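Please open the model in a viewer and keep the sequence at hand.

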Amino acid sequence: MRTNVRRNVAAALASALAVTALAACGTSSSADDKPQASGGSTDATTPLDPKTKVTLSIDCMPPAAKAAELKEWKEDVAEFNKTYPNVTIEGRSTPGQCLEPPRFTAMLKAKSQPDVFYAYFTDLQQVLDNDGVQDISAYVTPASVPALDDIDKNVMDVLKRDGKLYGVPTSNYTMGLLVNRKLFQQAGLDPDSPPRSWDEVRTAAKKIAALGNGVAGFGEYSVENTGGWHYTATMYGMGGDIVGADGKAAFNNPTGRQIVDNLHAMRWEDDSMGKTQLLKWGDLQKQMASDKLGMFLAAPDDITYMVQQLGAKYDNFGMGPIPGGAATLAGGNGYMIKKGSSPDKVKAAIAWLNFKTLAVGKGQFRYDRSKADGLPVGLPQPAFFTGASKAKDDELKAASATMPVANFKPFLDHPVPGKPEPVKAQEVYKVLDKVMSGVLTNKDADPAQLLGDAEKAVNQVLGNQ
C-alpha cells in the first residue's frame, strides 16, 4: 500500500519537474552502440572479471532536480570504474518511469525495461507474470556479495519464488508507532518509552487528547485503501493474519474484533481520535507536523516527508515498535535484472548493486558523504543488515547523524519480524476500508456485521466464494 502511495506522489513531482533523460557516466551513445559483453567467464559462481567489457542500462538514476543524489551517483560510477574500468553504466532518469504503475506495467509488457530495473517488493509477481526477470540465484553468493550472510533472510526471501532469487534489496522498511515528542512531554508521558500495547496506546491517547486545542491522541486512516492497510498492520502486530494458510479471509475472529472494539472505544468513548475522519495518507502527517496529533502507525521515512515537505523538525519525532510486537507489515524496493541478459551482464549488474546498495561504508551507506552533501542521515532504514554488518553500519550512521538517532532507540532495540502484504493486497485493503470507516464514523456500527460483511467480500476477492 505504502509503495503505491509513494509511486503516485513521486510520479506527480517528477512530472511537474519535467526531468529529461540523463546519462550518469558522461557517455552519449546508446547501449546498442557499445560492446555489450566481452571476455568474461560463463560460470555463474565466478564474480565479474574486471577486464570484461559490458554496458549496463539502469533506471532510477536521480534526476537533475536532486542535485546531491545525482552528484553521489556520478561519484559512485567513477569509483566503481576504478575496479571495473570496462563496465559502462548508463543511467536513466525518465519522469515517472521508476514509480508510476501504468508506466511500469507498460514497460514490462513491451519488454522495454533496462538491463537493471527498479521494482518494489510487491511487484515481483507482476514481473514474473510478464516473464521479465532473470533468475540470479547462482550469481548472488558471498563471493559476489560479501555481506550476503548478514542480509536479513526475511528480506531476501521476499525477492524469491519457488526457491529462486530474482532481485536484491536497496531499501526496506517495517512499520512502528510514530510519536510526537513535544505532545508526549506536554501530556506528562515519556517519549523515550512509547506504548508497547494497544491498552497503553489508548491510555496515552486519552492523556494527549486532554491537552485540548484540537489535539488528537491517536490517528487512523480509513479511505483509499489506507484504512485496510493499517488494519492489516495492526492485525500483524497482534499476531493475526488477514489471509490464512488456506487462502481464505482470516480476520473475522476475536483478534480482528479486538481491533475494531479498541478503535470504537478510542473514537467514541474516549474522544481521543479527533472529530475529523475518513483520512488518507498525508492527512495524519500534516496533523502531526503541526503538533495536532500524538501517535500513528508509520514507517520511519514518514519523518523525512514531514521535515522536507511540511517544515517539521527531526527532533520532534520518535518511534517505537508496532503495538503487540508479534510481527509488523514490511516492504521495500530493490533492483531486478532483465530476463535474457548475458552472464557477463548479470555479473556486472551484481557487482554494481553490491557496490552501490549492499556494501557497508560504500555507495548509499557513505553517511559521511551524505551529511556533507546536506542529505538526512540517521533514520532506521534501510534496515536489512544483521550481525557484524549491522553493528558497523549503526556505528557509521551514528557518527554522521543529522538527527537525534536516540529518538529511534525504542524502535531499534525492539525489532519486530517483518511480514509481507497479503495476496491481492489492494483489493483486500479496499474491502477493509469499510471496516475502518464504519467504526470511525458511526457510533452505532455493529463490529460483527462489519467484519462479517468484509469476510464475505474478501473471500470473493480471493476466489473462495
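Which residues touch the most other members of the largest nonpolar core? In this predicted model, they are Phe218, Tyr231, Phe251 and Met295, within a core of 74 residues. Select these four to begin. As a general background, nonpolar side chains in soluble globular proteins tend to be buried together.

Centre the view on Tyr231 and display its surroundings. Beyond its neighbours within four places in sequence, Tyr231 is in contact with Ile242, Phe251, Gly256, Ile259, Val260, Leu432, Val435, Met436 and Leu451.

Now select residues 226-237, which form helix H8. The helix has 12 residues and spans 17 Å from its first C-alpha to its last, close to the 16 Å expected at 1.5 Å a residue. Is H8 largely enclosed or exposed? H8 is largely enclosed by the rest of the structure, because 12 of its 12 residues are buried. Among these buried residues are Trp229, His230, Tyr231 and Tyr236. Step just past the end of H8 to Gly239, where phi is positive, at about 90°.

**The loop between H13 and H14**

Move to the loop that joins helix H13 (367-372) and helix H14 (387-399), and select Gln381 there. Why does Gln381 count as buried? Its relative accessibility is 15%, and the cut-off for buried is under 20%. A polar atom of the Gln381 side chain lies 3.3 Å from the backbone nitrogen of Asp301.

In this loop between H13 and H14, select Leu379 as well. Leu379 is buried, with a relative accessible area of 11%. Which residues does Leu379 contact, leaving aside its neighbours within four places in sequence? They are Pro300, Asp301, Ile303, Thr304, Lys397, Met403 and Phe408. For Pro300, a C-alpha distance may be displayed: its C-alpha atom and that of Leu379 are 6.4 Å apart, although the two residues are separated by 79 residues along the chain.

**Confidence**

Finally, colour the chain by pLDDT. The average is 90, and 89% of the residues score at least 70. Residues 6-37 fall below 50, and this stretch has 68 contacts in the model beyond near neighbours in sequence. Where pLDDT is low, the predicted coordinates should not be read in detail.

Key
Residues numbered from 1 in each chain as written. Predicted model: local features only at pLDDT ≥ 70, side-chain atom pairs only at ≥ 80, totals over all residues. Heavy atoms only, no water. pLDDT = per-residue confidence, 0-100. Contact = heavy atoms within 4.5 Å. Core = buried A, V, L, I, M, F, W, Y, C linked by side-chain atoms within 4.5 Å. Buried < 20%, exposed > 50% of the residue type's maximum accessible area, 1.4 Å probe, protein only. Helix = DSSP H or I, 4+ residues; strand = E, 2+ residues; numbered from the N terminus. Polar contact = N/O pair within 3.5 Å; in protein donor to acceptor, adjacent residues only side chain to side chain. Expected span 1.5 Å × (residues − 1).
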